Structure formats: structure tokens, C-alpha cells
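Me: I should like to go through this structure with you, step by step. Could we begin with a helix and then move on to the rest?

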Amino acid sequence: MISDEYFDQFQTKKYRAKNPIKRKLIGRFVDRVTELFHDGGAPKSVLEIGVGEGFLSGHLSAIHPNTKFSGVDIQASDLELLRAKFPHIQAYEGSVYDLSALPGGYDLVMCCEVLEHLERPEDALDQIVRLNPKRVVLTVPHEPWFMLSNLAMGKNITRLGNDIEHCNHFTVPKFKQLLSTRFDLTTVTTSYPWILATGKPR
């Protein structure tokens, strides 16, 4: 389980929150991602799309110091924080809608908590496929449970629990339908309140 000390080194609001239940849920989610990360053996090269400050890749790279980690994000300020904390992670600034500057051929591409923010998630998935990864790990909030969890914590009450930046709301069937057009899915599972999927590009 991720320690409070690990949470506290990040500036992103959701990681700074001191609510122990929220931290436990995030920690359990990261544990599940870590399990999926290891399916089929630990990858030698990893790209995280929407890497932010490096919360996920930083944790995984500590477990696998010999794996080459890269990350791309549209927020330059987050990448500055990433480089300061995790200089071994190769950082790229760019949009998920155009990943053509990246070398591709990764053993694993992770895209966690990104697709719900996109007006065109299909275009983002096309970009991931063009990178020709061996495997992918993709996650999104599990609705309606994610919004109900927000309401239970008194968050986003006037929007019925919906985060203002979320454009898409995925159930398990809806997420599988989106992904199955481009990936042969290996695993689709949940870690409340998130959906996690792994697969290989077709």
C-alpha cells in the first residue's frame, strides 16, 4: 500500500487530500494497476500517457528500476514537477491527440484516468494503436459509482457528483464497447470506483 509520505510529495489536489478513505481507494487502485502491469512479466519499456507529476510511473519505476519509463502530458507545469522528483522518467510535452513525436514500440502503454476527459476518446485510442505497444493498461472512472462517491464526500453536489472536466461517463459495457474496436481485451475488472482494462492492439 502506498504510504502517506508518498502521497504528500505531490501537488495534485486529489493526492494532497488527507481523507483516509480516499487515500485507501487510490492505494488499492494503484495496487491493482501494479498487478496488471506484471501480467505476462514486467515490461522493459513503458509509456504513461497523462503522466502528470508521475504518481503512478514514479511508484512503478521504484519497483522496477531497470525498466525504461517515459511519460507524456499536456501540462508543462506538471512535467516540471515530474522531472524534479523522477529525473529517470523521460518526459515529453504533448497532446494525446498527437503522439507522432514519440518513438513507439513500447512493451506497455498506460493511459489511466485520461479518456473521461476527452471529447474524442476514439482519436486518442487511434494514437495509442499507432505507437504499436505490446500491451496496454487503460482505466477510467466507473459510473455511476464514481459520481456517487463524490456526492458521499460532499463534492460536486450541484453537478450531482460529476467532475466538471469529465466529458465521458463509462459503465463497464460502454468501456468494453469503446476499447474492443481497437484492442483484443485480456482483462476488464474494477477497483471501486474505477474500471481497469488490459489488452493488445489489433
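Predicted model: local features only at pLDDT ≥ 70, side-chain atom pairs only at ≥ 80, totals over all residues.

Me: What span should helix 3 have, and how far apart are its end C-alpha atoms?
Reply: Helix 3 covers residues 20-38, which is 19 residues, so at 1.5 Å a residue it should span 27 Å. Its end C-alpha atoms are 27 Å apart, in agreement with that expectation.

Me: Which residues of helix 3 are buried?
Reply: The buried residues of helix 3 are K22, R23, I26, G27, F29, V30, V33, T34, L36 and F37. As background, an α-helix has 3.6 residues a turn, so residues three or four places apart point the same way.

Me: And what is found at the start of helix 3, and what follows it?
Reply: At the start, a side-chain oxygen of N19 comes to within 2.8 Å of the backbone nitrogen of I21. After helix 3 comes G40, which has a positive phi, near 80°.

Me: Changing topic: how many helices and strands does the protein have?
Reply: The protein has eight helices and seven strands.

Me: What does the radius of gyration say about the overall fold?
Reply: A compact globule of 202 residues would have a radius of gyration near 17 Å, and the protein has 16 Å, so the value agrees with that rule. The C-alpha trace spans about 45 × 40 × 30 Å along its principal axes.

Me: How much of the protein is buried, and what makes up its accessible surface?
Reply: Of the 202 residues, 50% count as buried. The accessible surface is about 10000 Å², with 53% of it belonging to carbon and sulfur atoms.

Me: Now to R182. Where is it, and is it buried or exposed?
Reply: R182 sits in the loop between helix 8 (172-179) and strand 6 (183-191). R182 counts as buried because its relative accessibility is 19%, and the cut-off for buried is under 20%.

Me: Which side chains does the side chain of R182 make polar contacts with?
Reply: The R182 side chain makes a polar contact of 2.6 Å with the side chain of D126. Another polar contact, also 2.6 Å, joins the side chains of R182 and T181.

Me: Which residues is R182 in contact with beyond four places in sequence?
Reply: Beyond those neighbours, R182 is in contact with E122, L125, D126, V129, K200, P201 and R202.

Me: Which residues have a positive phi without being glycine?
Reply: E113 has a positive phi of about 60°, and N132 has one of about 55°; neither is a glycine.

Me: Where do E113 and N132 lie, and are they buried or exposed?
Reply: E113 is in the loop between strand 4 (108-112) and helix 6 (121-130), and its relative accessibility of 15% makes it buried. N132 is in the loop between helix 6 and strand 5; at 56% relative accessibility, N132 counts as exposed.

Terms used. Residues numbered from 1 in each chain as written. Heavy atoms only, no water. Helix = DSSP H or I, 4+ residues; strand = E, 2+ residues; numbered from the N terminus. Buried < 20%, exposed > 50% of the residue type's maximum accessible area, 1.4 Å probe, protein only. Polar contact = N/O pair within 3.5 Å; in protein donor to acceptor, adjacent residues only side chain to side chain. Contact = heavy atoms within 4.5 Å. Expected span 1.5 Å × (residues − 1). Rg over C-alpha atoms; globule rule 2.2 N^0.38 Å. Areas by Shrake-Rupley, 256 points an atom, 1.4 Å probe, with all protein chains shown as cover.
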